[in-house]
Amino acid sequence: TSVVSTNFLQTLINDYRLSKNDITIESQLEESNSLVEVDQFHMTTALLNILDNAVKYGGTEILITSKTMNNQLQVSIQDNGIGISKEQLKRVFEKFYRAENQDIHNIKGLGLGLYYVHQIVKAHEGSIVLESKLKHGTQVLINIPIKKA
Ligand code: ATP
Ligand code: MG
């Protein structure tokens, strides 16, 4: 792991934007001097998994926000895609689970992405929550502890 500025998110988002011309990616990142201790490879891969889901499951507009609060870096990734029903939302962190959201038969995947993301967030002593409304969109909220000085 390495200790990085919470501003590492900006670079990640800028790079992602370059790869997705047809998607509107908006970001509201709070400037901060805080540091987080992260495994950069795994944390980056985890966040890219979430962004890829947002696009894959119908999102055309993605909003990414971050702020530091209660000694946590709080990141939110919100999309306007197909959403997940309340019942199925409970299971998305299970290995190989894929929700039966509409049109999913056209969307390929193994159901491993969020399982991996969950493991990575837990390994950082963080937390992750999904909120979703079918046909409206999905929001992923991640908290990662700020490194104390
Ligand atoms: P993989 O990521 O392994 O390629 P996957 O995308 O199907 O496959 P996960 O990323 O683990 O698997 O997601 C689990 C399921 O949760 C998905 O199959 C999908 O039904 C649902 N899901 C995840 N993210 C979203 C999202 N942003 N909008 C709607 N549904 C989602
Ligand atoms: Mg996925």
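Q: Which strands does helix H1 lie across?
A: This is a predicted model. In it, helix H1 (residues 8-19) lies across E2, E4 and strand E5 (72-79). The direction of H1 is at about 170° to E2.

Q: And H2, what does that touch?
A: H2 packs on the sheet and touches E4, E5 and strand E7 (137-145). Its direction makes about 20° with that of E5.

Q: Back up to the sheet. What is the strand order?
A: The order is E2-E4-E5-E7-E6, five strands in an open sheet with mixed pairing. Strand E2 (24-29) and strand E6 (127-133) are at the edges; each has a single partner strand, so one side of each has no neighbour in the sheet. From one strand to the next, the twist averages 15°.

Q: How many bridges join E2 to E4?
A: Six bridges, and E2 and strand E4 (residues 61-69) run parallel. As one case, Gln28 has Thr65 in E4 as its bridge partner.

Q: Now the core. Which residues have the most contacts inside the largest nonpolar one?
A: Ala46, Ile50, Leu51, Ala54 and Ile77, in a core of 26 residues. At least two residues each come from H1, strand E3 (35-38), H2, E4, E5, H4 and E7. H2 gives the most, with six residues. In soluble globular proteins, nonpolar side chains tend to be buried together.

Q: Different topic, the ligand. Which residues come nearest to ligand 1?
A: Tyr57, Arg98, Ala99, Gly109 and Gly113, out of 22 residues around ligand 1. Helix H2 (40-56) and helix H4 (113-123) are the elements that give two or more residues to that shell. The largest share, three residues, comes from H4.

Q: Now the backbone. What is the phi of Phe96?
A: Near 70°, a positive value in a residue other than glycine. Phe96 is in the loop between helix H3 (86-89) and H4.

Q: Is Phe96 buried or exposed?
A: Exposed, because Phe96 has 9 C-beta neighbours inside 10 Å, and a residue with 12 or fewer counts as exposed.

Q: So what does Phe96 touch?
A: Not counting residues up to four places away in sequence, Phe96 touches Leu110, Gly111 and Leu112. Phe96 and Leu110 are 14 residues apart along the chain, with their C-alpha atoms separated by 5.7 Å.

Q: What about Asn71, what is its phi?
A: Asn71 has a positive phi of about 60°, although Asn71 is not a glycine. Asn71 is placed in the loop between E4 and E5.

Q: And is Asn71 exposed or buried?
A: Asn71 is exposed, with 11 other C-beta atoms within 10 Å.

Definitions and conventions. Residues numbered from 1 in each chain as written. Chains lettered and ligands numbered in written order. Predicted model: local features only at pLDDT ≥ 70, side-chain atom pairs only at ≥ 80, totals over all residues. Near = placed C-beta within 6 Å. Helix = DSSP H or I, 4+ residues; strand = E, 2+ residues; numbered from the N terminus. Buried ≥ 20, exposed ≤ 12 C-beta atoms within 10 Å, placed from the backbone. Contact = placed C-beta atoms within 7 Å. Pairing = 2+ DSSP bridges. Axes fitted to C-alpha atoms, helices over the stretch in contact; angles between N-to-C directions. Core = buried A, V, L, I, M, F, W, Y, C linked by C-beta atoms within 7 Å.
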